Every structure is written in structure tokens, then in C-alpha cells.
Amino acid sequence: MSTLAQKKGFGATLWDYLTTVDHKKIAILYLIAGGFFFLVGGLEAMVIRIQLAIPNNDFVSAGFYNEVLTMHGTTMIFLAAMPLVFAFMNAVMPLQIGARDVAFPFVNALGFWLFFFGGVFLNMSWFLGGAPDAGWTSYASLALESPTNGIDFYALGLQISGAGTLMGGINFLVTIINMRAPGMTYMRMPMFTWSTFVTSALILFAFPPLTVGLFLMIFDRMFGSNFFDASAGGNTIIWEHLFWIFGHPEVYILILPAFGIFSEIFAIFSRKRLFGYSSMVFATVLIGFLGFMVWAHHMFTTGLGPIANAIFAVATMAIGVPTGIKIFNWLFTMWGGSITFTTPMLYAIAFIPSFVMGGVTGIMVASAAADYQFHDTYFVVAHFHYVIVGGVVFAILAGTHLYWPKMFGTMLNEFLGKITFWLFLIGFHLTFFIQHFLGVWGMPRRIFTFLPDQGFETSNMVSTIGAFFMAVAVIVMLINVIMTSIKNERVGNDPWGDGRTLEWSIPSPPPFYNFKQLPLVRGLDAYWIEKMDGKKGMTPAEPLGDIHMPNSSFVPVVISFGLFVAAFGAVGIGDKEAYGIPVLVIGFLITFGSMFFRSVKDDHGFHIHKEDLMNDDDKGGKA
Amino acid sequence: MKRLMNWRLYSLLIMLTLILAGCGKPYLSTLTPAGEVAQIQYDLMKLSTLIMVGVIAVVTIIFVIVVMKFRRKDDRIPKQVEGSHTLEIIWTTIPILLLLILAIPTVAATFKLADVSEMDQVNEDGKRDALVVNVRANLYWWEFEYPDLGIITGQELVVPTDQKVYFNLKASDVKHSFWIPAVGGKLDTNTDNINKFWLKFDSDKSEEAGGLFYGKCAELCGPSHAFMDFKVKAVSKDEFKQWSTAMQNADEQQPTTDLAQAGQDIFNKSCIGCHAVTPIDGRPEAARTAPNLATFGERSRIAGILEHSEKDLKNWLANPETYKPGNKMTGTYNELKPEQLDALTEYLMSLKVME
Amino acid sequence: MHADEKMTYETWPAAPEKATLEAKNKFLGFWLFLGGETVLFASLFATYLALKDKVPNSEHYLAKDLFDLPLVFMATMLLLTSSLTSVYAMYHMKNFDFKKMQLWLGITVLLGAGFLGLEIYEFNHYVHEYHHTFTSSAFGSAFYTLTGFHGAHVAFGLAWIITLMVRNSGRGLDLYNAPKFYVASLYWHFIDVVWVFIFTVVYLMGMVG
């Protein structure tokens with residue numbers, strides 16, 4: 001391992017990525033896999049919009065439409081948005097706190113592969129009898145009624161990928177608590193790191209209820225239990241509670257990192273310190289906390305009674321306050337600044353009005369009595385797409401442009417980036433703004449077609465046209481990525497010129513050990529402070545010494561693969577097939593066997609020696 | 001940035017066109033409230049929209065100033081401001097006040113809409129004065145039972161105007177949701193419990209809407225979720241009285257033509273196991289597996305969605321799967337020959353109680 | 001301090017479970033994991049309480065007719081004692097006394113296995129005497145899921161501790177395996193705490209109806 005810059009063939013590169021435990025490479029894996037699922041989910045969205053373009057359309061059948069709408073939601077939330085957010089957390093957070101890796105590099109890899117195999121398993125349903133068709137919320141009575149194996153794939157696939165996400169959450173928490181560089185106090189952490197921290201805490205406490213809910217669903221569908229069967233004493237409302245106790249924090253799991261990315265962007269491209277940093281931190285923590293108190297606002301029409309509805313309505317409105325604080329802090333970060341309109345900044349600027357729209361409709365649906373009208377209509381569809389597309393997807397696109405040079409050492413083309421931005425922005429508002437009206441005019445969500453003479457025709461057509469703008473935008477972005485990768489013009493440490501945090505003080509991409517010497521942090525925006533003092537880089541906090549690094553390992557892939565196999569066994573048991581139990585057992589044997597192997601085989605990692613690091617001086621940036 | 005401005009103008013224009021285009025259909029839209037419940041909800045929607053437009057306006061003003069004024073002109077480094085306590089207090093306090101303005105009527109309305117105490121009150125005769133309807137949602141059809149009147153209808157709910165109508169809601173297979181947008185918000189029909197609420201149908205507004213409101217299922221329930229519509233006839237109290245009396249006294253209707261007679265024979269062989277043809281149906285719920293057809297000839301739609309014509313009825317009977325995928329009627333009877341279709345149609349269209 | 005250094009009684013640190021960065025990470029990460037586990041069991045408890053005594057008809061037995069308290073009490077005692085013995089084991093771990101640690105861990109494993117045996121016997125009893133099964137009613141499903149999840153945790157804990165004991169039997173304590181023993185004992189305590197709640201919520205509250 002002494003030669004840090006090696007040329008490798010395709011096979012070796014593949015093996016490298018299959019066995020890597022390096023947070024930067026895992027970030028790239030998350031980016032690729034999440035990006036792939038984003039395209040799949042986008043394709044599903046296009047099917048939905050084409051089907052709804054005109055009344056009584058028969059582009060797809062009713063049953064297939066339900067599969068598509070279910071998979072669109074499930075894919076976008078679990079397999080696209082979360083992994084893409086995880087990609088940036090992995091790529092950037094350890095660099096921002098001046099760490100050489102995350103706390104548990106092995107677990108980090110395991111988390112990715114669990115997510116990946118879970119996602120693949122879920123999508124296998126398309127080829128094995130039919131995808132899940134009960135919506136991404138998979139309400140229990142409909143899910144139990146569903147005739148195909150789709151729901152089985154949903155429950156098992158999410159169980160596997162959810163386990164991976166939970167591991168990721170714990171990993172990030174420990175990393176941030178234990179591995180900050182000297183001087184990096186909590187109140188000097190960059191906003192993106194703070195949002196990663198709070199998000200990880202949300203993951204830790206929100207995913208177990210989903211785990212339990214999915215287990216109950218698996219047991220009911222495949223092993224004959226009666227949790228949701230009213231005739232045997234079961235109760236389907238339990239599923240609704242468990243799902244939303246997870247589901248609402250999940251929304252914040254997605255949006256908080258988006259807030260973090262935008263906080264970085266506003267500061268960088270306004271050349272100004274984040275306005276009201278401490279209140280931003282406070283607001284983030286408060287949003288995370290309140291996020292657990294409001295789940296029942298998804299169930300206003302379930303019939304929980306006026307007391308529960310009133311309490312949850314008021315609690316939900318309360319979240320508007322910290323969110324508002326954030327919006328104004330961002331605006332005042334730009335106020336008095338020196339703004340450049342780079343692609344990431346364009347997304348950030350467009351994010352403010354778009355997200356405010358989503359936020360205010362959020363307050364409107366929080367008003368329980370009025371929500372009886374909004375609930376399960378296109379108004380809600382418009383609301384959450386304004387929040388998730390206008391917030392999370394904008395942030396992911398912005399983050400892709402912002403961090404691309406840090407992850408790959410080359411800049412995405414700004415001209416194409418701006419074309420993507422404008423097409424996407426126009427398409428987004430065209431698609432979803434009109435849906436607010438469709439909702440209040442009486443169009444329920446999740447309908448596979450609509451009848452004429454209800455006044456829905458024009459608006460649905462407008463919405464569909466908007467979707468095509470977004471599709472073209474994504475295609476332009478793909479072209480951008482390919483062109484950029486072919487050109488491959490290398491960039492230096494701080495390609496945007498105004499980097500403020502530690503990740504911009506090291507080469508792009510960073511060497512695999514990140515920091516040759518851990519940096520000394522003297523305040524918020526550590527790198528900016530040094531730059532303003534006329535220094536070229538960070539002051540080291542330690543003398544040059546040996547660096548301890550973890551070994552690569554193929555075991556994470558094997559553990560995840562074992563569960564993938566076991567899940568097929570579980571589906572077989574549900575179908576009363578003879579192969580069910582043996583396959584389940586084989587799968588578990590693979591998983592537990594490889595865990596056992598990992599447990600008994602000592603793994604002390606290895607050391608990079610001081611001498612090698614010194615030799616590495618001139619080529620460190622190209623590792 | 002000029003383009004951003006242009007685009008904002010554009011969206012404003014689109015918005016205006018929409019608003020000019022009206023508030024949707026009076027028999028369907030929540031923006032044309034036709035009863036007390038919808039009115040309360042509409043008022044809340046207006047109040048919240050008003051507050052929110054105010055918030056958007058403030059944000060937009062600051063936003064526009066920032067984006068216009070603070071573009072990078074030179075290479076100077078701006079002053080690094082930490083924050084401002086005054087500003088932070090302002091934008092924490094004002095939203096709290098705004099939310100309180102919205103929260104108080106929200107809570108009041110939430111309790112008001114859930115007040116069904118009248119359902120349990122009885123007068124000196126031991127009967128209740130309130131009109132109660134038991135709604136049972138099934139895969140793609142609705143049953144409306146009037147327990148105090150002893151009558152049942154399918155697919156079309158008939159209610160008196162200008163008085164509170166109370167509903168007991170439940171589902172017999174999977175979860176659905178009962179929604180008459182123009183008259184009031186929805187409430188789920190669960191498989192585990194009975195939900196209760198009330199609605200009120202305004203007579204003037206009902207007239208504007210043509211006396212017939214659209215009702216919908218608002219919870220994904222399977223392939224034909226989109227087609228799980230029902231219709232609501234809102235009639236005056238007197239008319240409702242006439243109707244309910246006619247329903248209570250309706251005997252089994254005898255066919256008047258030979259063709260209808262032939263239709264009845266087919267019906268009694270293939271359909272009667274599930275469908276009842278009298279408004280009084282003593283069978284338990286579990287046995288009532290298909291809509292009651294006693295008033296079929298008087299309905300406004302076939303299967304809740306198709307035009308009420310002989311042609312559409314024949315199409316529906318010949319191939320229900322085309323019109324409602326996944327429905328429970330498909331495959332329960334043998335293929336019908338054209339003459340059988342004619343006979344059945346004649347018979348079904350003759351089923352009326354009001355003459 | 002490196003994790004693979006050869007240690008003696010004199011060089012053994014006061015808190016070997018947190019002596020290296022890896023150990024600190026493992027220690028904190030495991031505590032956080034237990035936080036997640038707490039929410040998992042809380043969800044299972046909530047489900048159980050919602051479905052307690054929810055049966056399709058009166059032929060099914062309810063909690064008050066079902067539970068065999070003396071047996072469960074015995075199981076409880078075994079598990080509580082095993083928690084105590086694992087504390088002894090950790091005491092000896094901190095004092096660099098590998099043999100005694102192994103001894104007490106061995107006793108812990110035996111007690112845990114005894115608990116598991118009683119639980120299996122108990123389930124068997126319910127199934128055959130009362131036809132109270134996983135599939136017989138919502139109550140049965142919820143009961144076996146809650147107690148079964150706990151039982152699976154016990155089984156996993158036993159396998160974990162045994163693996164650790166066998167793997168390290170030949171080489172004694174060092175800073176690489178000390179945190180592993182420590183978190184395994186943390187896990188064992190957690191299982192014990194969960195059982196205290198099960199004993200209270202399921203069995204004691206079940207007896208009073």
C-alpha cells in the first residue's frame with residue numbers, strides 16, 4: 001500500500017469498490033446507486049404523468065398504474081433521496097470535521113450494501129409477478145388484500161435497506177461525537193455536519209418503528225399471524241401509527257441535510273458567514289425534536305377524534321416557526337453579501353420561494369378541520385412535491401454540482417448546469433403548482449384515471465407538460481456528467497474559490513487518508529479564517545506520524561447478499577413453496593456465517609508510515 | 001436574473017388565468033361550499049391562505065431586494081456578520097402570533113365538526129330525532145343504510161337539505177374514505193371501527209349544483225379506486241319524507257312487459273344471490289355483497305360512473321372488467337347473449353320506487 | 001495505546017473498554033444502538049398492549065387464564081442473576097483476570113440458556129394446553145412476537161458471548177478484545193432490562209386482567 005497513486009484495470013477497480021471501506025468511495029457508490037434509482041423513479045413518474053395527461057386514458061392499466069405509483073414513491077424516498085443524501089454525508093461530513101474516516105468504516109460499507117441489495121430485491125418484484133401496489137404507505141388492509149407478491153418484496157426489501165440506513169445513522173453520530181479534529185467544538189461545526197448529526201439521530205429513533213411495522217406486515221403476509229386482520233382481533237390502525245411514527249421523521253431526515261447543503265451554498269457564494277449560526281443550529285435541533293411529535297397529522301381523517309387531531313394540528317404548526325427562522329437566516333446571509341450565480345447558488349436561490357410555497361401549504365394542511373378537505377387529494381401531492389422536490393431534490397442537484405469537484409476532482413460544466421437548472425425549475429412549477437388547484441377542485445390522489453366533465457382536463461395536461469421539462473433537464477444533466485468525465489480537467493483544493501470549511505483545504509479528490517496531519521480548527525468556517533489571515537492552508541495540530549487505516553473487506557457484500565437470498569426464501573414460504581425454508585436457511589447461513597467469520601478473524605487495519613507520507617507529498621492530490 | 005423575473009411574471013399570469021377559470025365545478029369543488037361543514041372548512045382555507053400569502057409576500061420582497069442588490073460587483077470581501085438578536089426575535093415572534101391566529105379557529109372547528117352527541121339523544125318516544133345514515137364502503141361500491149327508517153340504497157345517497165345528517169362509517173373489505181367535496185371534508189371508513197361525523201346540505205347551493213353532488217373514495221383501495229364514485233341527491237325535507245315513505249312501502253316490483261319478465265327470470269337465476277331489489281333487506285351485512293338495486297331505474301349513473309343509458313348498462317353487464325377493473329362482479333355469471341342483455345336491461349331500468 | 005499491544009496487569013488501563021479510539025467508538029456506537037433497540041421494543045410493547053386479549057371469539061384464552069406465573073418467575077430469576085454474573089465478569093475484566101472473567105461469563109451463559117429453555121417449555125405449554133399460537137389470534141401474534149423478539153435477542157447474546165469466549169480462550173485479554181467483551185455484557189444487561197418490562201407488562205399486568 002505504499003504507492004498511493006496506482007493505475008488499475010477495470011477488474012481491479014471493480015474489486016476495489018466491492019471491498020472498499022473508504023468513506024469517499026462509499027459516497028461514490030451511494031451516488032451511483034442513488035442516481036440510478038432516481039432515474040428509475042423518474043421514469044415511473046413519467047408513466048404516471050402520461051397516463052394522467054388526458055381523461056379516460058389507457059396508456060397503462062389500472063393495476064399496473066397502482067404498481068407504478070407505489071414504486072415511484074417508495075423508490076424516490078428510500079432508494080433515491082436517502083442514498084443521495086447519504087452520498088453527500090459520506091463524502092463531505094468526515095472532511096468537514098477533519099476526520100480520516102468515519103467511526104466504523106466496515107459498518108459504513110455494510111450499510112451501503114444492505115441498502116443496495118434491499119433496493120435490488122424490491123425492484124426484482126417487477127419481474128417476479130408484480131410490484132407492490134398499495135402505495136408507498138402500504139396501508140395494512142389493502143396490503144393484505146393485494147394478490148401478488150409485490151407487498152412481500154416491499155416489506156422485505158425495505159427491511160433490508162432500512163437496516164443499512166440505521167447503521168449509517170449510528171455511524172455518523174459516533175463519527176461526529178468522537179472524531180472531530182482538535183479545536184472543532186460542536187458550535188464550530190459546519191451547518192451540513194450539524195444537519196447530518198440531527199438527521200442521524202432521527203434515523204436512529206425513527207427507523208425501529210418501521211422495522212417493527214414491516215415485521216408485522218411480513219408475519220401477517222407470510223407467516224400467518226393476525227396483526228392487521230380485524231376478524232381475528234387485529235387492528236390496521238397499528239400499521240398507520242407505526243408507519244407514520246417513522247414516516248414523519250423521515251421527511252425531516254430528507255429535508256434537514258438539504259437545509260445543510262443550502263446553508264453551505266449560501267455562505268460560500270455570498271462570501272459571507274452564515275447569518276445567525278447558533279439560531280440555525282437551534283432551529284435544526286428543534287425541528288428534529290418536533291418531527292417526532294406530529295406523526296398523527298397524516299391521520300387526521302383516520303378518526304382519532306378531535307382531541308388528538310387538535311393537539312397534533314397545533315404541534316405541527318409549531319414546526320413552522322423554526323423553519324421560518326431558517327428561511328430568514330438564509331435571506332440575511334445573502335443580505336450585504338457578494339453573490340455569484342453559480343449553478344449550486346441558482347438552485348439555492350430558487351429553493352427559497354419554492355420551499356416557502358411547500359412550507360405554507362404545509363401549515364394549511366396542518367389545520368386539521370381544513371385538512372379533511374385537503375387530505376388524500378392532489379393538494380397534498382402538490383404540497384409534498386414542493387417540499388421534497390423544491391427542497392430535497394434541488395439540494396441534491398445543487399450538492400452534486402457543488403461537491404462534484406471534491407468527489408471527482410473535476411468541475412461539472414456550468415453552462416449545461418444552468419440549462420438543467422432552468423428547465424428543471426420551470427418544469428417543476430409547471431407540474432406541481434396547478435396540482436394545488438386540482439386537489440381543492442375535488443381530484444383525489446392515487447387515481448389511475450379521471451372522468452371528463454369534472455374540470456380536471458386542462459390542468460392535468462399542463463402538469464404533464466411540466467413533467468417533460470423536468471425529464472429533459474435530467475437528460476441534460478446526464479450529458480453534463482458524461483462530458484465532464486471524458487474531459488476530466490483537474491482542479492485544485494478550492495475550485496469555487498470561496499470555500500469556507502475544511503473540505504476545501506485539502507486536494508480534490510482528497511488522498512485516501514484525507515488529512516496528512518489533522519488540522520487545528522480556530523473557529524467556525526475554519527478554512528476561511530486561515531485564508532483571511534493570509535495563510536494558504538490549515539495549521540496542523542499534530543506532527544507528521546503514522547496513520548492507522550482500516551483494511552478493505554468483501555464481507556459486507558456477502559452479509560448483505562445472504563439477506564437478499566433469505567428474503568427470497570421468505571417469499572417462498574409465504575407462497576407455501578417447498579424451496580422456501582431451505583432458501584431462507586441458506587441465506588441466513590451466509591449472513592451469520594460471514595458475520596461469524598468477521599468476528600473471529602482479527603482485523604487490526606494497517607499503518608501508513610511517516611516516510612511514505614513524506615514521499616507522497618508531491619502526488620498527494622492525485623491519489 | 002432577468003429570466004427569473006420573467007418567469008415569475010409568467011407564473012403570475014398562469015395563476016390569474018386559473019383563478020379566472022373559476023373555482024371548479026359546483027357539484028364537486030371544495031371552493032364552492034354547499035353546506036355548513038364545507039363552509040367552515042372553506043373559511044379556514046381562506047384564512048390560512050391569507051396569512052400564508054402575507055408570509056410569501058414578505059419573503060418575496062426581501063428575496064427580490066437581496067437578489068437584485070447584492071450581486072457580486074468587485075472582489076471585496078463583505079463584512080462577516082454573526083447575526084442579529086433583534087431580527088431573530090422578530091422573525092420568531094411574528095410567526096408564532098400568525099400561527100396562533102390560525103390555530104385557535106382550527107381547534108374550534110375541529111371540535112365542532114366532531115360533535116355527534118345528537119346521534120345518541122332520544123326523544124320521549126325513545127327514538128332519536130337526528131337522521132342517521134350507516135355508510136358501508138366496499139370494493140368499488142357504497143351502501144347507504146337508514147337504520148331508523150329501515151331502508152337501504154346502493155351507490156346513491158339521498159339526503160334532506162338544511163338539516164344535519166349524521167353518518168356511521170365503516171368498510172367491509174379494505175380501508176376506503178368517504179368524501180363529498182362540495183359538502184364537507186372526508187372521513188375514513190376503517191375495517192376495525194366505526195367513524196362518525198355529520199354533514200349539512202344547503203338547499204340554495206344544492207340547487208346551483210343541480211341537486212346532485214359527486215362523492216368519491218379518497219383512500220387508495222385497489223385498481224378501481226379511481227372509479228369508486230357515488231352520487232348524492234339533496235332534496236327538500238318534504239321530498240325526502242315522500243321518498244323515504246315510498247321506499248318503506250315499496251313491494252317487490254313486478255315486471256310489466258314480457259321482456260322485463262324475461263329479464264327478471266335471468267336476474268333471479270344469476271344475480272339475486274348478491275343484489276337485492278327491495279329497499280328493505282333483512283339479510284345481515286356480510287350477505288349483502290353487492291349494491292341494492294331497488295331504485296336502479298331512478299339512478300343518475302350506472303356503477304357510479306357510467307351514463308344512465310341502456311347502452312351503457314348493456315356494456316357494463318357484458319363486460320364489467322373493462323369499466324371497473326378488479327370489481328367483484330366479473331366472472332360471477334355466465335356470458336350474456338344479446339337478447340339476455342336486452343331483457344336484463346329492460347328489467348333493471350324498470351326498478352323504481354317513486355311512481 | 002495500540003489495540004494489539006501485549007498487556008500486563010500493570011499496564012492494563014482503568015477503563016480498558018474505552019482505551020483506544022476504536023474502543024471509544026464501539027462503546028458509544030453500541031450505546032446508541034441500544035437506544036434504537038429501546039424504540040424497537042417500545043413499538044413492540046405498544047403493539048402488544050393494543051392487541052392484548054384481542055381474540056376472534058370467546059373460545060380463545062385470555063391473558064388472565066393463560067400465564068403460568070411460577071414458571072415465569074423462575075425464568076425471571078435466572079435472567080436477573082445472569083445479569084449480575086455478567087457484572088462480575090466485567091469486574092474481573094477490568095482487573096485483567098482473564099480466567100475469572102471466563103468463568104463468570106460461563107455461568108452467565110448457563111443461566112441464559114436455562115432461561116431460554118424455560119421460555120421454550122412455556123411456549124410449548126401454551127400451544128398444546130391452550131391452543132394459544134402465533135396464528136390463533138391477534139393476541140397470540142402480538143404475544144409471541146414480543147416475547148419471541150426478546151427470546152431471539154437472548155439466543156443471539158448467548159451465541160455472541162460463547163463466540164467471544166472460544167475465540168479468545170487461548171490468548172487472554174488485550175485492548176482489542178476487551179471492548180468486545182464489554183459491549184457484549186452491555187447487550188446482556190439490555191436484554192435483562194427488557195425482560196423486566198415484559199415480566200411487568202405482559203405477565204403481572206396480564207394476571208390482573
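Author: K18(C) is found in the segment before α1 (21-51) of chain C; helices here are DSSP runs of H or I of at least four residues, strands are runs of E of at least two, and both are numbered from the N terminus. The model is a predicted one, in which local features need pLDDT of at least 70 and side-chain atom pairs count only at pLDDT 80 or more, while totals for chains, interfaces and linings use all residues. Residues are numbered from 1 along each chain as its sequence is written, chains are lettered from A and ligands numbered from 1 in the order in which they are written, and side-chain values use heavy atoms, with hydrogens and water left out.

With a relative accessible area of 35%, K18(C) is partly exposed; buried means under 20%, exposed over 50%, and partly exposed in between, with a 1.4 Å probe and protein chains only. Apart from its neighbours within four places in sequence, K18(C) is in contact (heavy atoms within 4.5 Å) with A23(C), K24(C) and F27(C). H132(C) stands 114 residues from K18(C) along the chain, and the C-alpha atoms of the two are separated by 47 Å.

Chain C also meets chain A. The contact takes 38 residues from chain C and 40 residues from chain A. The size of an interface is often given as the accessible area lost when the parts come together. Between chain C and chain A the buried area, summed over both parts and computed with a 1.4 Å probe, is about 3000 Å², and carbon and sulfur atoms give 72% of it. On the side of chain C, the most area is lost to chain A by N25(C), L32(C) and Y176(C), together 17% of what that side buries. Chain B and chain C, by contrast, are joined by no contact, and their closest C-alpha atoms lie 12 Å apart. Of the two pairs of chains in contact, it is chains A and B that share the most contacts.

Chain A itself has 19 helices and two strands. Its radius of gyration, taken over C-alpha atoms, is 24 Å, close to the 25 Å that the globule rule (2.2 Å times the number of residues to the power 0.38) gives for 623 residues, so chain A is as compact as a globular protein of that length. The C-alpha trace of chain A spans about 70 × 60 × 45 Å along its principal axes. Of the 623 residues of chain A, 68% count as buried.

Notes
Buried area is the accessible area (1.4 Å probe) that two parts lose on being put together, summed over both.
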